[in-house]
Amino acid sequence: MDYNAQLDTALERLHQEGRYRTFIDIARDKGNFPHAVWTRPDGSTKPVTVWCGNDYLGMGQHPVVLAAMHEALDATGAGSGGTRNISGTTVYHKRLETEIADLHDKEAALVFTSAYVANDATLSTLPRLFPGLVILSDELNHASMIEGIRRGKGERHIFRHNDVAHLRSILEGLDPAVPKLIAFESVYSMDGDFGPIKEICDVADEFGALTYLDEVHAVGLYGQRGGGVAERDGLSHRIDIVNGTLGKSYGVMGGYIATSHRMVDAIRSYAPGFIFTTSLPPAIAAGAAASIRHLKTDQALRDKHQTQARILKLRLKGIGLPIIDHGSHIVPVHVGDPVKCKMISDRLLVDSGIYVQPINFPTVPRGTERLRFTPSPVHGALEMDKLITAMDGLWSHCALSRKSMSA
């Protein structure tokens, strides 16, 4: 076996399909976000504006967050020193979990190294805790949820995206006595649409199912204190397990679940993805806790974020670009061709200093390739003017359709 040749073949296939992923080397400029510096392959540099980051509110550079991280770093040093069970639980981790539980109005929370790990570890462990558990999963759930459900090796059913009638029909065919769990999201990150939380909770109550809600792209951004769409809609009490991230709107790193004391105790006791992983550094935990605490009271920042998203969508619609608009903060522009999607991304970066990554298969289905913009409160009028001008010119150059796709 020529292993190198096999690797070359696999990589060449991605190049031919136009979906080879290129990592852009950038250095964020503290205090000047969304501006950064791009280091080209030849070592030269160019200033860029980041339009595809998930630090939705710029909290990764907020003085309150940085101060908390400096304090913890000076007090404790760099790492946590071990797993949560072996010297890796500190006062900073406990404070963070207290903040998270309060955020979601739950009894307890459990912090993981990422939201991906939190989903994977929790969903793969639940079938061990509830023998015979049947998991019903929205077809557009995140890869971390899909992987966790798959690794749990229990019975699983996929219902059509946001199709509550289809979900109900699957539940009607199950043994009423078996334990059941419905896994879905509040904001789906590729199209920016919302999950029908109330309707799914109603069906879950009717059929005696647990609810598992991924609020990764909503925490910090929606709700009176940033608790997500469930909080915004007054439904937090109807969700059994909430999954969230500390690496997007909170600007730091890590993931979590928030649920009952009993559920947290069981997951932390059985989930290998929690048990055998070194815990977050105390400075990271301290920064995340400070960010959550701050955003519980900073509604003005959330309002400004939503305003910027509305403005960008209106301006893109104004030049006839086919954006996907479901009313959330996520602004996808449909391209529909992986080669053109990558080309537009490259030209924006090289010619205009605008950084937005192409979103291709397998992240989205073939034929739905897109550019996904994430405006923030710190993207100003000048940055938006430059983006609109560049997109208008490139769209014409690629002879792409300007037919609206707005929902």
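Ala, Val, Leu, Ile, Met, Phe, Trp, Tyr, Cys and Pro count as nonpolar, Asp, Glu, Lys and Arg as charged, and the others, Gly among them, as polar. Keep this sorting rule at hand for the exercises below.

The structure is a predicted model, in which local features need pLDDT of at least 70 and side-chain atom pairs count only at pLDDT 80 or more, while totals for chains, interfaces and linings use all residues. Residues are numbered from 1 along each chain as its sequence is written, and side-chain values use heavy atoms, with hydrogens and water left out.

**Exercise 1. The whole protein**

Step 1. Begin with the secondary structure. Helices are DSSP runs of H or I with at least four residues, strands are runs of E with at least two, and both are numbered from the N terminus.

Step 2. Along the principal axes, its C-alpha atoms fill a box of roughly 60 × 55 × 55 Å.

Step 3. Look at burial. A residue is buried under 20% relative accessible area, exposed over 50% and partly exposed in between, with a 1.4 Å probe and protein chains only.

Step 4. Finish with contacts, which mean heavy atoms within 4.5 Å. Taking contacts between residues at least 6 apart in sequence, 71% join residues at least 24 apart.

**Exercise 2. The second largest pocket**

Which element gives the most to the lining of the second largest pocket, and how does the lining divide by class?

Step 1. Define the space. On a 1 Å grid over the protein atoms alone, a cavity is a set of points where a 1.4 Å probe fits but cannot get out; a pocket is an open set with protein on both sides within 12 Å along at least five of seven lines; lining residues have an atom within 4 Å of a point. Grid points are joined across faces, edges and corners, and a volume is the space filled by probe spheres set on the points.

Step 2. Note the volume and the residues. The second largest pocket holds about 370 Å³ of space. Its lining has 18 residues, and Arg 84, Lys 94, Glu 97, Leu 110 and Arg 268 lie nearest the centre.

Step 3. Find the elements. Those that give two or more residues are α3 (91-103), β4, α9 (261-270) and α10. Helix α9 gives the most, with five residues.

Step 4. Sort by class. The lining has seven nonpolar, five polar and six charged residues.

**Exercise 3. The largest cavity**

What lines the largest cavity?

Step 1. There are three cavities of 30 Å³ or more, and the largest has a volume of about 90 Å³.

Step 2. Its lining includes Arg 84, His 93, Phe 112, Thr 113 and Phe 274. The elements that give two or more residues to this lining are β4 (108-112) and α10 (272-275).

Step 3. By class, the lining divides into five nonpolar, six polar and one charged.

**Exercise 4. Backbone details**

Step 1. Phe 33 and Pro 34 are joined by a cis peptide bond, with omega about 20°. Pro 34 is in the loop between β1 (26-28) and β2 (35-39).

Step 2. From Phe 361 to Pro 362 the peptide bond is also cis, with omega near 10°. Pro 362 lies in the loop between β15 (358-359) and β16 (370-373).

Step 3. Asp 105 is not a glycine, yet its phi is positive, about 55°. Asp 105 sits in the loop between α3 and β4 and is exposed at 64% relative accessibility.

Step 4. Asn 162 has a positive phi near 60°. Its place is the loop between β6 (155-159) and α6 (164-172), and it is partly exposed at 22%.
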